[in-house]
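Please keep the sequence and the coordinates at hand while reading.

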Amino acid sequence: MVKTAVMVSGGGTNLQAIIDAHIFGEIKNCELTAVISSNPTAYALSRAEYAGIPAYVVDAGRHPNGASFSEAIHKKLSELGIELVVLAGFMHILGPPLVRAYRNKIINIHPSLIPAFCGAGYYGLRVHEEALKFGARVSGATAHFVTNEVDEGPIILQKAVDILPDDTPFTLQRRIMEQAEWRILPEAVSLYCEGRLEIDGKIVRIKGARSDVERGRSDSEPQ
Ligand code: GRF
């Protein structure tokens, strides 16, 4: 079992998707060892408690800078023997020493189809505002490994979501969470824990998957 920590900052709907998929046996070979929140009042902490997962707070507000915050997280991950870190609505950038120590062992979910609408400053509603302003017809979500370049790490899974004519940043955010984030993040975690991800530079190969349909990523059956 891969000892996994889920890092959160807010409501924790992505955490809930992971918890639910784990309960339903859709995430294989994974132990949900810890939930770590950067925010002491995050609702995600209650979700962890209901699910019986040990929850910890590393309060970003109590650290003078990002380096000291990141170091505190690093210490907690080491103490717990964590092997996989999942950033699920985690609103901070981890420092280079931590990212180096957990190379190809940190998975993030980003609410757009990388390389569109991503990079420094693209988080929360801003991502969706920019997609709408640009007039894009589709957006979506990307599960990827974390490197020191924001949103540039190897892509594990992506799922596209239509943008509708009367979308607001809020309606688009919600549809992307429901149709993409909550599906591909648990799937990416399972693929990692099953040892099915092979990383070759920027390219991630999924062992044993011949097509999207076979991986359960397609909404339609093959004709
Ligand atoms: C979503 O916008 C997601 O893309 C971003 O955080 C928001 C959801 O947070 N990463 P949460 O999982 O409900 O805490």
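## Core, helix and loop

Leaving aside its neighbours within four places in sequence, Val6 is in contact with Leu15, Ile18, Leu32, Ala34, Val35, Ile36, Val86 and Ala88, where contact means heavy atoms within 4.5 Å. The model is predicted, so local features need pLDDT of at least 70 and side-chain atom pairs count only at pLDDT 80 or more, while totals for chains, interfaces and linings use all residues. Residues are numbered from 1 along each chain as its sequence is written, and side-chain values use heavy atoms, with hydrogens and water left out.

Val6 is also one of four residues, with Leu84, Tyr192 and Leu197, that touch the most other members of the largest nonpolar core, which has 43 residues. Such a core is a set of buried Ala, Val, Leu, Ile, Met, Phe, Trp, Tyr and Cys residues joined through side-chain atoms within 4.5 Å; buried means under 20% relative accessible area, exposed over 50%, and partly exposed in between, with a 1.4 Å probe and protein chains only. Helix α6 (residues 169-193) gives the most to this core, with 10 residues. Because domain 1 (1-102) and domain 2 (110-141 + 158-223) both contribute residues, the core lies between them, the domain bounds coming from an automatic or database domain assignment. A second, separate core of 19 residues includes Ala34, Phe69, Val85 and Phe90.

Helix α3 (residues 66-80) has 15 residues and should span 21 Å at 1.5 Å a residue, which agrees with the 21 Å between its end C-alpha atoms; the expected span is 1.5 Å times one less than the number of residues. Its buried residues are Phe69, Ser70, Ile73, Lys76, Leu77 and Leu80. Seen down the axis of α3, these fall within an arc of 120 degrees, so they line one face of the helix. On the other side of α3, Ala67, Glu71, Lys75 and Glu79 are exposed. What covers the buried residues includes β1 (2-8), β2 (30-37), β3 (55-57), β4 (84-87) and α4 (96-101).

Just after α3, Gly81 takes a positive phi of about 65 degrees.

| Side chain | Backbone nitrogen | Distance |
|---|---|---|
| Asn65 | Ala67 | 3.2 Å |
| Asp59 | Gly61 | 2.9 Å |

Asn65 caps the N-terminal end of α3 through a side-chain oxygen. Asp59 sits in the loop between β3 and α3, and counts as buried at 18% relative accessibility. Leaving aside neighbours within four places in sequence, Asp59 is in contact with Ser38, Pro40 and Phe69.

Methods
Helix = DSSP H or I, 4+ residues; strand = E, 2+ residues; numbered from the N terminus. Arc of directions from axis to C-beta. Polar contact = N/O pair within 3.5 Å; in protein donor to acceptor, adjacent residues only side chain to side chain.
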